[in-house]
Amino acid sequence: MSDATPSSDSPGFDEMARDIAEVPAVEVIVTVAVNLMSAAAVKLGLTDDGDAHKDLDEARKLVHALAGLLDASTTEISSFHAAPLRDGLKSLQLAFREASLVPDEPGQGPGEKYTGPVFG
């Protein structure tokens, strides 16, 4: 049975761990946030392919995770990094609200537990 967990016997594991060790935490947080934003945009149908990958249930999860990450890391990242991420989050929340056939009540949309109600 194969184990998907990397071990020190895996080729390149030490090099990968060394590379990660050199990356500041702020960069890791921002990179994860940008990846969540990109994935949410795809699931909201905001890409060139539009509806081909649209899945509001998946988008909800991604936007909620992004909001949680930004809320948890507020004191860890500077406003230089946080401000554009918060703007992007709000844009995704508004796009979700617009894409929903039955909009959530104010404060009940994805991530609004962390950001408060989002209005257009």
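I set up the cavity search first: on a 1 Å grid over the protein atoms alone, a cavity is a set of points where a 1.4 Å probe fits but cannot get out, and lining residues have an atom within 4 Å of a point. I worked on a predicted model, where local features need pLDDT of at least 70, side-chain atom pairs count only at pLDDT 80 or more, and totals for chains, interfaces and linings use all residues. Residues are numbered from 1 along each chain as its sequence is written, and side-chain values use heavy atoms, with hydrogens and water left out.

Entry 1: I joined grid points across faces, edges and corners, and took a volume as the space filled by probe spheres set on the points. The count came to 1 cavity of 30 Å³ or more, and the largest cavity has a volume of about 30 Å³. Its lining holds Gln-93, Phe-96, Arg-97, Pro-103, Asp-104, Gly-109, Pro-110 and Glu-112. Helix H4 gives the most to this lining, with 3 residues; helices here are DSSP runs (H or I, at least four residues), numbered from the N terminus. I sorted the lining into 3 nonpolar, 2 polar and 3 charged residues, counting Ala, Val, Leu, Ile, Met, Phe, Trp, Tyr, Cys and Pro as nonpolar, Asp, Glu, Lys and Arg as charged, and the others, Gly among them, as polar.

**Entry 2: H2 against H4.** I fitted axes as lines to C-alpha atoms, for helices over the stretch in contact, with angles from 0 to 180 degrees between N-to-C directions. H2 (residues 25–43) and H4 (residues 79–99) pack at about 15°, their axes 11 Å apart. That makes H2 roughly parallel to H4 (angles under 35 degrees count as roughly parallel, over 145 as roughly antiparallel). On the H2 side I found contact residues including Val-30, Val-34 and Ala-41, and on the H4 side His-81 and Gly-88 are among them; contact means heavy atoms within 4.5 Å. By class I got 10 nonpolar, 2 polar and no charged residues.

**Entry 3: H2 against H3.** How far apart are the axes of H2 and H3? I read 8 Å, at an angle of about 160°, with H3 spanning residues 56–72. That makes H2 roughly antiparallel to H3. Among the residues that meet are Ile-29, Leu-36 and Lys-43 in H2 and Glu-58, Leu-62 and Leu-69 in H3. This contact divides into 15 nonpolar, no polar and 2 charged residues.

**Entry 4: H3 against H4.** The axes of H3 and H4 come within 10 Å and cross at roughly 155°. H3 and H4 are therefore roughly antiparallel to each other. Arg-60 and Ala-67 of H3 are among the contact residues, as are Arg-86, Gln-93 and Phe-96 of H4. I noted that Gln-93 and Phe-96 also line the largest cavity.

Notes: Helix = DSSP H or I, 4+ residues; strand = E, 2+ residues; numbered from the N terminus. Parallel < 35°, antiparallel > 145°, perpendicular 65-115°, else oblique. 1 Å grid on protein atoms, 1.4 Å probe; cavity = no way out; pocket = protein on both sides within 12 Å on 5 of 7 lines; lining within 4 Å.
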